[in-house]
Amino acid sequence: MPRPARAPGRPPEDDLLRWAAFACLLAPAALLWRGAPFLTAAGVACGLTAVTAASRLLIRRSRRLGPLARSPRLGARPHARRVGASPHARAHAPRDVGNTPAG
């Protein structure tokens, strides 16, 4: 069965957030159905809502800042070295000769 086409302007993260919001309602309802106290279900609802809100905030922030982080001028350089460190400093580091189990 083919999957329905996604709306052209809607990002895929929105589906994830919709399911998370659905879980915020479904989990407390299931707890109440099984006989859990109301305060327990309310606490679960608040906790899940807080996690969903934080996830939504982080997703939107990463979507907004994503292109900036990939910029070579502003992004972190993966092979950046400390200022003043010799490029061959690791090759000339003192070794623990004789103090190793193999040595």
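Cys24 is buried, with a relative accessible area of 11%; buried means under 20% relative accessible area, exposed over 50%, and partly exposed in between (1.4 Å probe, protein chains only). Cys46, by contrast, is exposed at a relative accessible area of 56%. This is a predicted model, in which local features need pLDDT of at least 70 and side-chain atom pairs count only at pLDDT 80 or more, while totals for chains, interfaces and linings use all residues. Residues are numbered from 1 along each chain as its sequence is written, and side-chain values use heavy atoms, with hydrogens and water left out.

How many disulfides does the structure hold? There are 0 disulfides, a disulfide being a pair of cysteine sulfur atoms within 2.5 Å. For Cys24, the nearest cysteine sulfur belongs to Cys46 and is 9.8 Å away.

Now for the overall build. The protein chain has 2 helices and 0 strands; these are DSSP runs numbered from the N terminus, with helices (H or I) of at least four residues and strands (E) of at least two. Of its 103 residues, 9% count as buried. The chain exposes about 9400 Å², and carbon and sulfur atoms supply 64% of that area, as computed by the Shrake-Rupley method with a 1.4 Å probe, where for residues only the protein chains shown count as cover. Among contacts (heavy atoms within 4.5 Å) with a separation of 6 or more, 47% join residues 24 or more positions apart.

Next, a link between the helices. The structure holds 1 salt bridge, meaning a side-chain nitrogen of Lys or Arg within 4 Å of a carboxyl oxygen of Asp or Glu. The side chains of Glu13 and Arg63 form this bridge, at 3.4 Å from N to O. Glu13 lies in helix 1 and Arg63 in helix 2 (residues 38-69), so the pair ties together parts that are 50 residues apart in sequence.

Helix 1 (residues 13-33) also contains Phe22. Together with Trp19 and Leu26, Phe22 makes a nonpolar surface patch of about 370 Å². Patches are made of residues with over 30% relative accessible area and no salt bridge, with like charges joined within 9 Å and nonpolar side chains (Val, Leu, Ile, Met, Phe, Trp, Tyr) within 5 Å.

| Residue | Relative accessible area |
|---|---|
| Glu13 | 27% |
| Arg63 | 39% |
| Phe22 | 42% |
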